[in-house]
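Visitor: I would like to learn how to read a model of this kind, feature by feature. Could you take me through it slowly?

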Amino acid sequence: MAFPVWSEEHEAFRETVRRFTQTEIRPYAEKWQSEENFPDELFRKAGELGLLGIRFDPKWGGSGLDYWYTVILVEELVRGRDLGSVVGLLVQCEMATSVIHAHGSDELRREWLVPAIQGERIAALGVTEPGGGSDVASLQTVAKADGDDYIISGSKIFISNGARADFVTLAVRTGGAGSSGVSLVVCPTDTPGFSVGRRLKKVDLHSSDTAELFFEDVRIPRRFLIGEEGRGFHYIAQAFQGERLVLATMMNAVCRDVLDETLAYLAERKAFGRPIASMQVWRHRMADWLTRLEASAALTYRAADQLASCDSDAETAVSMAKLFGAELIRGLVLDCAHAFGGYGFMEENYVARASRGVQNWGIGAGTNEIMREIIAKHRIPVSSA
Ligand SMILES: Cc1cc2nc3c(=O)[nH]c(=O)nc-3n(C[C@H](O)[C@H](O)[C@H](O)COP(=O)(O)OP(=O)(O)OC[C@H]3O[C@@H](n4cnc5c(N)ncnc54)[C@H](O)[C@@H]3O)c2cc1C
């Protein structure tokens, strides 16, 4: 039996996303990359089609579906070949709002989640700080209780959608040191004291905005706390599973697109009187990448299956899928760009452009080392003696 088994409903959903991608993203991909921006309007268009709340409760405007639909959404959006805008959309629905959906009060969901699902409000997730991102438990941005309010001071860095967001799902310290002192709040970006610093220049994902955020005595109501005080680290760790699955799926989709493009080129391109695809060194190299991509997709689908069925081992599977995908994409895309010879270094070539940002996949939403730490924590026991 083929795995995964796509139903007619899955295929209909895939068709919807494919049409959206082909009309709303693909024609503008190069323009948005050269302008280093994409229009906010894209959020509203995605919201109208229900793409920003796939797994969320219909009560809040979501579609009540499972992780398999998220996999399809990501696989199809990547075909638009503008990963910056795709990151913007996915940060909104997978990273910044999933914790509000899972743990926020009904009041918070009405006020922030519903318009975000509709694409009427744009969201960012603010966890990483200039002092460090991997060690979330040591974050420094403070939210001090003051009557019915919190007063927030600190800064964040590398925040996707940061320059355009209407609100930030923000990780703050409300208690003492360590993970139990971390909480999550909703911070509207029109609150006095909030400011956007530099819009950071990246080597890839040019159309997405990635910003520094500053909080100087930003006063927000305490009712903007998401869930319970001191549970923020736990909520972030849970939400990371969905984010990492999304990234693993994106990496596989990019690899597939790049391989297809490369195989088509090698079939046509001749050197020494014969197609390069007939040369054994390239045939073997491409056979290896095809095999590794199948393995990566199988790992990712298994992780999606485990997340969809709330399997207790899902965290390990997701971490393995993200780690494997990040290592795969680095080698595969660089090798494919090499196969294009000089064209593999030209801006006009999609594979060349894809090769620019390959190291980033092993950083966002937890680095390769952090993935290894998680896998080791679950699978490699250490004797206490
Ligand atoms: C394009 C982009 C978009 C991003 N978007 C967001 C966003 O929307 N919101 C957000 O909050 N963050 C975002 N980030 C930040 C991202 O999550 C962090 O960059 C990442 O978590 C790593 O944190 P750091 O950069 O501070 O590296 P550090 O934590 O300083 O790590 C530096 C190096 O040390 C290694 N290291 C750290 N700890 C260990 C360990 N225990 N064992 C072995 N090695 C270790 C790391 O693997 C890494 O190689 C984004 C980053 C990028 C590049």
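Visitor: Which helices are included in what covers the buried residues of helix 3?

Guide: Keep in mind throughout that this is a predicted model. The cover over the buried residues of helix 3 includes helix 1 (8-24), helix 5 (83-96) and helix 7 (106-117).

Visitor: And which residues of helix 3 are the buried ones?

Guide: In helix 3, which spans residues 41-48, the buried residues are L42, F43, A46 and G47. Just after helix 3 comes G50, whose phi is positive, at about 80 degrees.

Visitor: Which residues other than glycine have a positive phi?

Guide: Two cases can be read here. E36 has a phi near 55 degrees and lies in the loop between helix 2 (29-35) and helix 3, where its 15 C-beta neighbours inside 10 Å make it count as partly exposed. F158, with a phi near 60 degrees, lies instead in strand 3 (residues 149-160), and F158 is likewise partly exposed, having 19 other C-beta atoms within 10 Å.

Visitor: How should I read the packing of two helices, and what are the values for helix 5 and helix 8?

Guide: Two packed helices are described by the angle between their axes together with the distance between those axes. For helix 5 and helix 8 (residues 232-268), the axes come within 9 Å and cross at roughly 150 degrees. Since angles over 145 degrees count as roughly antiparallel, helix 5 and helix 8 are therefore roughly antiparallel to each other. At their contact, L90, E94 and M95 in helix 5 meet A239, G242, E243 and V246 in helix 8, and by class this contact has four nonpolar, one polar and two charged residues.

Visitor: Where does S98 lie, and is S98 buried or exposed?

Guide: S98 lies in helix 6 and is buried, with 23 other C-beta atoms within 10 Å. Leaving aside neighbours within four places in sequence, S98 is in contact with A239 and G242.

Visitor: How does the domain assignment divide the protein, and how many residues does the contact of domain 1 with domain 3 take from each?

Guide: The assignment gives domain 1 (8-117), domain 2 (123-229) and domain 3 (233-379). The centres of domain 1 and domain 3, taken over C-alpha atoms, are 22 Å apart, and their contact takes 16 residues from domain 1 and 15 residues from domain 3. On the side of domain 1 that touches domain 3, helix 4 (67-78), helix 5 and helix 6 (98-103) each supply at least two residues, with the largest share, seven residues, coming from helix 4. The residues of that side divide into eight nonpolar, three polar and five charged.

How values were computed: Residues are numbered from 1 along each chain as its sequence is written. This is a predicted model: local features need pLDDT of at least 70, side-chain atom pairs count only at pLDDT 80 or more; totals for chains, interfaces and linings use all residues. A residue is buried if 20 or more other C-beta atoms lie within 10 Å of its own, exposed if 12 or fewer, and partly exposed in between; C-beta atoms are placed from the backbone. Helices (H or I, at least four residues) and strands (E, at least two) are DSSP runs, numbered from the N terminus. Two residues are in contact if their C-beta atoms, placed from the backbone, lie within 7 Å. Domain bounds come from an automatic or database domain assignment. Ala, Val, Leu, Ile, Met, Phe, Trp, Tyr, Cys and Pro count as nonpolar, Asp, Glu, Lys and Arg as charged, and the others, Gly among them, as polar. Axes are lines fitted to C-alpha atoms, for helices over the stretch in contact, and angles run from 0 to 180 degrees between N-to-C directions. Angles under 35 degrees count as roughly parallel, over 145 as roughly antiparallel, 65 to 115 as roughly perpendicular and the rest as oblique.
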